[in-house]
Amino acid sequence: GDYEVEVCTQLANDPNPTNNCKSKNVSVQNVTYAVGFNAFDPNFNLDYGLVDYLLQTPSYMNLLAPITTENFICAGTFDIGNQTWYGYMYGSDGYQLFYTIDPFTGTMINIGDSGNEDEIISGMAYDLITNNLYVVGQDILYTANKTTGVITPIGPSGLGAHYIALACSGTGQLYGIDMLSDNLISINKTTGAGTPVGYLGFD
């Protein structure tokens, strides 16, 4: 809320005691951080890597740690339960390589790969409720094994979507962005079925 704060001081032998107080109006807000992964900056102002930003000032991203590779990270997410970042990186053989990423140094450790050379992963999210990792590739929702990186299909959206991102709310609801319709899609974790929420307002 909004508050008026008054700070006063009293010095010995103060010649003017009428100016001992100062008042200031302040607005106290809940500080809410979002975390993400900067995969590409066309202006080259920010290294590729882990970022956070205040939702109050979303236009400014703070680089937590640059990654230790210049290869493209196609999806990443933070597992708050294990305090670990996970990411998939495009591999030369078609398989997406699965990494853990140190949130303080950006150091990457390769755990395995997706196990599916035909699927291009485009979004990844950690579910706080189920402690699962979910990924999307084109139109299909998958789970991802944390110890191997292998993905297991759950099902398609039924919308012919082409997902470009995936996120999970604190209540365990999955959302994806369809780059064909520019809609936000609510995703059923059990079947993969998608329900359009609405148009994003931009392409």
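## Salt bridges

A salt bridge here is a side-chain nitrogen of Lys or Arg within 4 Å of a carboxyl oxygen of Asp or Glu. By that rule, this predicted model has 2 salt bridges. Side chains of opposite charge can pair when their charged atoms come close.

Asp79 sits in strand E6, while Lys146 sits in the loop between E12 and strand E13 (151–156). The two residues are 67 apart, so the bridge links distant parts of the chain. Asp79 has 0% relative accessibility and therefore counts as buried. Lys146 is buried as well, because its relative accessible area is 17% and the cut-off for buried is under 20%.

The other pair is Lys189 with Asp127. The N to O distance is 2.7 Å. Lys189 lies in the loop between strand E16 (183–187) and strand E17 (194–199), and Asp127 lies in strand E10. The pair therefore ties together parts that are 62 residues apart in sequence. Asp127 is buried, with a relative accessible area of 0%. Lys189 has 24% relative accessibility, so this residue counts as partly exposed.

Asp127 belongs to E10, which spans residues 121–127. This strand is mostly covered: 7 of its 7 residues are buried. In a regular strand the side chains alternate between the two faces of the sheet.

The pairing partner is strand E11 (residues 132–137). E10 and E11 run in the antiparallel sense and share 6 bridges. Gly123 has Val136 in E11 as its bridge partner. The two strands form a hairpin, with 4 residues between them. In the turn, Asn131 has a positive phi of about 65°.

## The largest nonpolar core

How many residues make up the largest nonpolar core? There are 13. Those with the most contacts inside the core are Tyr88, Ile121, Met124, Leu133, Val135 and Ile151. Several strands give two or more residues each: E6 (73–79), E7 (84–90), E10, E11 and E12 (140–144). The largest share, 3 residues, comes from E10.

## Cysteines

A disulfide is a covalent bond between the sulfur atoms of two cysteines. The count for this model is 1 disulfide. Cys8 is joined to Cys21, with 2.0 Å from S to S. Cys8 lies in strand E1 and Cys21 in strand E2, so the bond ties together parts that are 13 residues apart in sequence. The torsion about the S-S bond is about 110°, which means the disulfide is right-handed.

A disulfide needs sulfur atoms within 2.5 Å. Cys168 is in no disulfide. Cys74 counts as buried because its relative accessibility is 10%.

## Nonpolar surface patch

Tyr3, Val5, Val7, Val26 and Val28 make a nonpolar surface patch of about 430 Å². The largest share of this patch, 3 residues, comes from strand E1 (residues 2–8).

Val26 is found in strand E2 (residues 21–27). Its relative accessibility is 32%, so Val26 counts as partly exposed. Patch residues need over 30% relative accessible area.

Thr100 and Gly149 are 49 residues apart in sequence. In space they are 9.9 Å apart, C-alpha to C-alpha. Thr100 is found in strand E8 (residues 96–101). This residue counts as buried because its relative accessibility is 17%.

Definitions and conventions. Residues are numbered from 1 along each chain as its sequence is written. This is a predicted model: local features need pLDDT of at least 70, side-chain atom pairs count only at pLDDT 80 or more; totals for chains, interfaces and linings use all residues. Side-chain values use heavy atoms; hydrogens and water are left out. Buried means under 20% relative accessible area, exposed over 50%, partly exposed in between (1.4 Å probe, protein chains only). Two strands pair if DSSP finds at least two bridges between them. Patches are made of residues with over 30% relative accessible area and no salt bridge: like charges are joined within 9 Å, nonpolar side chains (Val, Leu, Ile, Met, Phe, Trp, Tyr) within 5 Å. Accessible areas come from the Shrake-Rupley method with a 1.4 Å probe; for residues, only the protein chains shown count as cover. A nonpolar core is a set of buried Ala, Val, Leu, Ile, Met, Phe, Trp, Tyr and Cys residues joined through side-chain atoms within 4.5 Å.
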